[in-house]
Amino acid sequence: MRNVSKVITVIVFIFLYVPIIILAIASFSSGTDLAVFKEFTLNQYHELFRDTDLLALVRNSAVIAVLSTAIATILGTAAALGMHKMSKKMRNLVMSMTNIPMTNPDIVTGVSLALMFAFTGTMLKLNSILGFWTLLIAHVTFNLPYVILNVMPRLAQMDQNLTDAAMDLGCTPIKAFFKVTIHEIMPGIIAGALMSFTMSLDDFVISYFVTGSGFVTLPVEIYNYTKKPIHPKLYALFTLMFIVILALMIIMNVLQAKADKKKSESHVNQMGGVS
């Protein structure tokens, strides 16, 4: 049974990573056919960094991802703190409502937000309301549940006596939060922020319905690229994006491992001090 599980695991990893590996290899090929590797070249990366239009789309996606992540992280952390103070029954109810946007089909969320923005534009008598701000609001909306989902377990694991002790020693609730609570839940905040960033960076469906012609992100424009033969420089772009996301995931895991190790050592020291 163990050997069967290993074989299934290998097959799953093959399906997950072989397409990415093929794409990365093709980005260094001088040809345009994915099935045939010709000469090794960096020309595709050179062409990528010469394409100002494509780089502008990358910049747009990065701006939206960074801003929506920052806003969602702040609001999501605040929401998680509020939910943590609720009664268990109310907290479970609110968490169930919070999880709905993650299970809801993206196309339903995108159309719903587009209709809401269209209604708002009609009320404000604006010809076109879709653009940067509607895109930012939409990304913050679907990023919030991911932040809450990562912060809530950290709040549940935190020793509440630490906050109480800080306030007994003269800290105000706000000062106790910044001196104690935020350090305890920081791994969850970082995990939520990184997940929000990755979700925002590659979102297409929701962005497609809420973006305007004046501000377009990379995934939306890539959809138009697929209607014609894809230029090999896009292979280079996709490879770089994968490397960036992979680096972020590694950083997140390293930081979380360090935080868990530090917390474990602190607990052992406390137990040693008690004994």
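Let's start with helix H2, where Gln44, Tyr45 and Leu48 are buried, buried meaning under 20% relative accessible area, with exposed over 50% and partly exposed in between, using a 1.4 Å probe and protein chains only. Looking down the axis of H2, the buried residues fall within an arc of 95°, so they line one face of the helix; that arc is taken over the directions from the helix axis to the C-beta atoms. Helices here are DSSP runs of H or I with at least four residues, strands are E runs of at least two, and numbering goes from the N terminus.

A quick word on the source: this is a predicted model, where local features need pLDDT of at least 70 and side-chain atom pairs count only at pLDDT 80 or more, while totals for chains, interfaces and linings use all residues. Residues are numbered from 1 along each chain as its sequence is written, and side-chain values use heavy atoms, leaving out hydrogens and water.

Now, the loop between H1 (2-26) and H2 (43-50) holds threonine 41. Is threonine 41 buried or exposed? Threonine 41 is buried, at a relative accessible area of 17%. Its side chain reaches the backbone nitrogen of asparagine 43 at 2.9 Å. Leaving aside residues up to four places away in sequence, threonine 41 touches Ser27, Phe28, Ser29 and Ser30, where contact means heavy atoms within 4.5 Å.

On to some helix packing. H3 (residues 52-84) and H10 (residues 218-225) pack at an angle of about 140°, and their axes are 8 Å apart. The axes are lines fitted to C-alpha atoms, for helices over the stretch in contact, with angles from 0 to 180 degrees between N-to-C directions. H3 and H10 are therefore oblique to each other; under 35 degrees would be roughly parallel, over 145 roughly antiparallel, 65 to 115 roughly perpendicular, and the rest is oblique. On the H3 side we have Leu54, Leu57, Val58 and Ser61, and H10 brings Leu218, Pro219, Glu221 and Tyr225.

Next, glycine 121, which sits in helix H5 (residues 106-123). Glycine 121 is buried, with a relative accessible area of 3%. Not counting residues up to four places away in sequence, glycine 121 touches Leu126 and Ile129.

Finally, the whole chain. How many helices and strands are there in the chain? There are 11 helices and 0 strands. The C-alpha trace spans about 70 × 60 × 40 Å along its principal axes, and 35% of the 275 residues count as buried.

Note on methods:
A polar contact is a pair of N or O atoms within 3.5 Å; within protein, one must be able to donate a hydrogen and the other to accept it, and residues adjacent in sequence count only if both atoms are side-chain atoms.
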